[in-house]
Amino acid sequence: MGHVIGQGVRLLIFATDPDRVRAFYAQVFGWSLPDDGQRHCWVITSEDDPRLGIDGPIEIRAEHSGQVGIPTVHVADLSATTHAALTAGGEVLVPRIPLPGIGWLLYLADTEGNLVGVMQDDPQAASPPTPPASGRGPAAI
C-alpha cells in the first residue's frame, strides 16, 4: 500500500457542534474553518493543506476494487499531534502502527466522530521483532 500526498484528496468534516469541531481542527492541525453561523460541514482539500493525502492505493486498479482511501494528514510529530487531538476531545481509534519503510500511522475520530488518519513519515519505521517462543503457553502443553 502506498501513500499519496496532495493529489486531489478531500476530507469531509461534518459537525453537530460547529464551534467544538472548529476548535478541534484549529488546535490539532492549525486549520481555521470558516464560521458563517449556519455551517455544519466543511471540505478540506489537498489544495487547502498539502499535508493532506490518502492512505490507500496510489493507483486504483482492479485489485483495489472496493478499497477506500482514508484522508490522512502528514505531520512532523505524531506523538504531539496525538496529544493535541486527545486534549481537544478527539479519540484514538487505531493506535500508532508501523508501515515498514514508510512511517507511522494512526486513526482518530474528531469531536464529531469524523475519521481521519494521521501519518508521520519515517523510512526507519519497522514492525517490532517477533519475540522468541518461550516454551510456555498452549503450544507447549
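Ile97 lies in strand E6, where strands (E, at least two residues) and helices (H or I, at least four) are DSSP runs numbered from the N terminus. The model is a predicted one, in which local features need pLDDT of at least 70 and side-chain atom pairs count only at pLDDT 80 or more, while totals for chains, interfaces and linings use all residues. Residues are numbered from 1 along each chain as its sequence is written, and side-chain values use heavy atoms, with hydrogens and water left out.

With a relative accessible area of 33%, Ile97 is partly exposed, a class that falls between buried (under 20%) and exposed (over 50%), as computed with a 1.4 Å probe and protein chains only. Together with Leu93, Val94 and Leu115, Ile97 forms a nonpolar patch on the surface, with about 280 Å² of accessible area in total. Such patches are made of residues with over 30% relative accessible area and no salt bridge, in which nonpolar side chains (Val, Leu, Ile, Met, Phe, Trp, Tyr) are joined within 5 Å and like charges within 9 Å; a salt bridge is a side-chain nitrogen of Lys or Arg within 4 Å of a carboxyl oxygen of Asp or Glu. Accessible areas come from the Shrake-Rupley method with a 1.4 Å probe, and for residues only the protein chains shown count as cover. Strand E6 (residues 91–99) gives the largest share of the patch, three residues.

Leu106, in strand E7 (residues 103–109), is buried, with a relative accessible area of 3%. Leaving aside residues up to four places away in sequence, the contacts of Leu106 (heavy atoms within 4.5 Å) include Leu78, Val94, Pro95 and Val118.

Strand E2 pairs with strand E3 (residues 41–45) in the antiparallel sense over five bridges, pairing requiring at least two DSSP bridges between two strands, and Ile44 in E3 is the bridge partner of Leu11.

The largest nonpolar core has 27 residues, of which Leu11, Ile13, Tyr25, Phe29 and Trp31 touch the most other members; a nonpolar core is a set of buried Ala, Val, Leu, Ile, Met, Phe, Trp, Tyr and Cys residues joined through side-chain atoms within 4.5 Å. Helix H1 gives the most to this core, with five residues.
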